[in-house]
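Consider the sequence and the model shown here. How is such a chain organised, and what can be read from its atoms alone?

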Amino acid sequence: MTADLNISSQTPDNHQPDLTQNQPDQASEQNTQSWRAIQTFMKRKTHMGKKAEAGFRAEYADFFVQPDLATVQAMDIEGITDLRQLFAHPENPLTLEIGFGMGTSLVEMGKAAPERNFVGIEVHEAGLGNCAFLAGEQGLTNLKLISGDAISLMKQLPADHIDTVQLYFPDPWQKKRHYKRRFVSPERMAVVERVLKQDGVFHAATDWEHYAHWMIEVLDSLPGFVNAVGQTADGIGEFLPRPDFRPLTKFEKRGINEGRAIFDVMYRKR
Ligand SMILES: C[S@@+](CC[C@H](N)C(=O)[O-])C[C@H]1O[C@@H](n2cnc3c(N)ncnc32)[C@H](O)[C@@H]1O
């Protein structure tokens, strides 16, 4: 492992990631409710490219779990309570990718592993269309797409349902006042833990060093997870060397071009 796990020397503001920034304020019911409304994404209105537009044509409809464009646009996930049954082979290992962006790497993974089923969830409409188009070009039969918030979706799935949850280059929410929007938090990871099968994997990657150490600290603090690589002598979870099976993503490329290091984090459900 190359990472120096002394968090305090690595954080931009030279302090330990303060996980209490991430806790719901339990002082009042009102505060608890406002915590619940905090989202990990900012819905962007972006230009729909030609491929993204094409991806919403009828010939790609099979890639979408939701029945029509209005439901996709509304990010309406009502009634999606089982991901396995979306596939011809529900017994195959199931991967859920949260925030697949434009979908290039998800489609590549789907193509490379036809023995697995993949579900991607995004809130970014152009990404959903683009991913459906790319999946159609590759003729994938093991990929389904959902428009909506991954946390809400996972809350309505059965426990012990998914083999792998992957989160590649999540929004880093770098300002301290935004840390509570980070996807990796004790509360959100408890939601992930519930839907993972025993020995199921949570795999994240980030190009933001502070967030990388934050992820390790959050996941080390949860007794339901064990670091898949091992621990340092100080009992801190290790980073995973970049695995070959994870294709380069758009945001990873951007991070590398801007001179940032890449960190992979992998934990198993006990
Ligand atoms: C920084 S982008 C990374 C995209 C892609 N994984 C990559 O590496 O190029 C993060 C993506 O996560 C999505 N996202 C964030 N929170 C989400 C959530 N709760 N549910 C679904 N998608 C989410 C955002 O819409 C955004 O497209």
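The model is predicted. The protein contains 10 helices and 7 strands. Of its 270 residues, 38% are buried. Contacts between residues at least 6 apart in sequence can be sorted by separation, and 77% of them join residues at least 24 apart.

The sheet comes next. Strands of a sheet pair through backbone hydrogen bonds, in either the parallel or the antiparallel sense. Here 7 strands form an open sheet with mixed pairing, in the order β3-β2-β1-β4-β5-β7-β6. The edges are taken by β3 (143–147) and β6 (225–227); each has a single partner strand, so one side of each is left without a neighbour in the sheet. From one strand to the next, the twist averages 20 degrees.

Strand β2 (residues 117–122) pairs with β3 in the parallel sense, over 5 bridges.

Helix α5 (residues 104–112) lies across β1 (94–98), β2, β3 and β4 (162–168). Relative to β2, helix α5 runs at about 170 degrees. Angles are taken between N-to-C directions on a scale from 0 to 180 degrees.

Does the length of helix α9 agree or disagree with its residue count? Helix α9 (residues 209–220) has 12 residues, which at 1.5 Å a residue should span 16 Å. The expected span is 1.5 Å times one less than the number of residues. The end C-alpha atoms of α9 are 17 Å apart, which agrees. Within α9, the buried residues are Y211, A212, H213, W214, M215, I216, V218 and L219.

D160 is found in the loop between α7 (150–155) and β4. Its phi is near 55 degrees, a positive value in a residue other than glycine. Is D160 buried or exposed? D160 has 12 other C-beta atoms within 10 Å, so it is exposed; the cut-off for that class is 12 or fewer.

W173 lies in the loop between β4 and α8 (186–195). W173 is not a glycine either, yet has a positive phi of about 40 degrees. With 18 C-beta neighbours inside 10 Å, W173 counts as partly exposed, because a residue is buried at 20 or more and exposed at 12 or fewer.

Notes. Residues are numbered from 1 along each chain as its sequence is written. This is a predicted model: local features need pLDDT of at least 70, side-chain atom pairs count only at pLDDT 80 or more; totals for chains, interfaces and linings use all residues. Two strands pair if DSSP finds at least two bridges between them. Helices (H or I, at least four residues) and strands (E, at least two) are DSSP runs, numbered from the N terminus. Two residues are in contact if their C-beta atoms, placed from the backbone, lie within 7 Å.
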